[in-house]
Each structure stands twice: as structure tokens, then as C-alpha cells.
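Here is a short walk through a protein model. Keep the sequence and the 3D view open as you read.

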Amino acid sequence: QVRLVESGGGLVQAGGSLRLSCAASGGTFSSSTMAWFRQAPGKEREFVAAIRWSSENTEYADSVKGRFNISRDNAKNTMYHQMNSLRPEDTTFYYCAADWFSRHTAYLPKNHYEYLYWGQGTQVTVSS
């Protein structure tokens with residue numbers, strides 16, 4: 001059974017940084033596509049970033065390009081999300097997601113329904 005556990009959320013001032021982690025177990029992490037989404041109460045889950053199993057390809061939402069960086073360490077079964085220059089509008093719950101696609105494709109899904117496995121979420125609050 002695949003299990004994803006996020007950590008690293010918290011309260012930070014605008015302009016500050018946080019690093020989220022997503023620890024995976026129960027699956028072949030090194031061949032998975034991983035992603036970060038975020039969701040405010042009452043709103044649809046929003047794509048933030050995704051990374052290919054090899055780290056060769058990454059995708060970002062326009063709203064976070066240049067500020068956020070997704071990475072992974074397959075040896076540690078962990079994905080990271082370095083968030084810099086945080087803004088109050090970044091305040092919400094962040095979720096990591098995983099699924100397995102062809103190792104030969106560079107396609108990185110941006111729709112939440114394309115991922116089967118999810119963590120429980122971690123809250124990020126950015127004060128102004």
C-alpha cells in the first residue's frame with residue numbers, strides 16, 4: 001500500500017521560505033511521477049509542480065515559477081518543495097501526489113484526478 005506523508009508546513013512571514021517534504025513508502029518510488037498540489041477550503045485542488053521519476057523534467061504553475069523548486073531524492077524515497085519569496089496568497093494546504101506512468105514519457109499531469117495516491121496535507125500560512 002502506497003503511503004505519502006508530508007511535513008514542513010508552518011507559519012512564515014511574507015518573503016520568507018519553507019521547505020516541504022513528502023516521504024513515500026509502499027511503492028517503487030524511483031519510478032513514480034510526483035507532484036505538489038494545493039487546496040483552499042471550498043476550492044478545487046490546484047496544481048503547483050510536478051517532477052518526473054528521473055528528475056529530468058519538471059513543471060510549475062505560472063503563479064509559482066521562479067519562486068518554488070521541486071526536487072526528489074530517490075535513494076531516500078522523498079520529494080521536496082522549496083518555497084521562496086512566499087506571499088500571503090500562497091496560504092493554504094499543500095498535498096503531495098504520486099502515480100506511475102510510462103518511464104518513457106516526459107508528460108507530467110497537471111490535473112488532480114490523474115494522480116491516484118495522496119498525502120494527508122500540510123498547512124502553510126504566510127502572514128503579511
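The structure holds 1 disulfide, meaning a pair of cysteine sulfur atoms within 2.5 Å. The model is predicted: local features need pLDDT of at least 70, side-chain atom pairs count only at pLDDT 80 or more, and totals for chains, interfaces and linings use all residues. Residues are numbered from 1 along each chain as its sequence is written, and side-chain values use heavy atoms, with hydrogens and water left out.

Find C22 and C96. The disulfide joins these two, with 2.1 Å from S to S. The angle about the S-S bond is 55°, and the link is right-handed. C22 sits in strand 3 (residues 18–25) and C96 in strand 9, so the pair ties together parts that are 74 residues apart in sequence. Strands here are DSSP runs of E, at least two residues long, numbered from the N terminus. Both C22 and C96 are buried, which means under 20% relative accessible area.

Now turn to the rings. A search of the whole structure finds 6 aromatic pairs. Rings of Phe, Tyr and Trp (its six-membered ring) pair if their centres lie within 6.5 Å; planes under 30 degrees apart count as stacked, over 60 as edge-to-face and the rest as tilted. F37 and F47 have ring centres 5.7 Å apart and planes at 75°, so this pair is edge-to-face. F37 belongs to strand 4 (residues 33–39) and F47 to strand 5 (residues 46–51), so the pair ties together parts that are 10 residues apart in sequence. F37 and F47 are both buried.

F37 has another partner, Y115. Their ring centres are 5.6 Å apart and their planes lie at 70°, so this pair is edge-to-face. Y115 lies in the loop between strand 9 (92–99) and strand 10 (117–118), while F37 is in strand 4, so the pair ties together parts that are 78 residues apart in sequence. Y115 is buried, as is F37. Ring pairs link F37, F47, F101, Y115 and W118 into a cluster.

Which rings does R45 lie over? The charged end of R45 sits over the ring of Y95, 3.9 Å from its centre. R45 also lies over the face of W118, at 4.7 Å from the ring centre. A charge counts as over a ring if NZ of Lys or CZ of Arg is within 6 Å of the ring centre and within 35 degrees of the ring normal.

Last, look at H81. H81 lies in strand 8 (residues 78–83). H81 is buried, with a relative accessible area of 0%. Its contacts (heavy atoms within 4.5 Å) include L18, W36, F68 and Y94, not counting residues up to four places away in sequence.

Technical notes. Helices (H or I, at least four residues) and strands (E, at least two) are DSSP runs, numbered from the N terminus. Buried means under 20% relative accessible area, exposed over 50%, partly exposed in between (1.4 Å probe, protein chains only).
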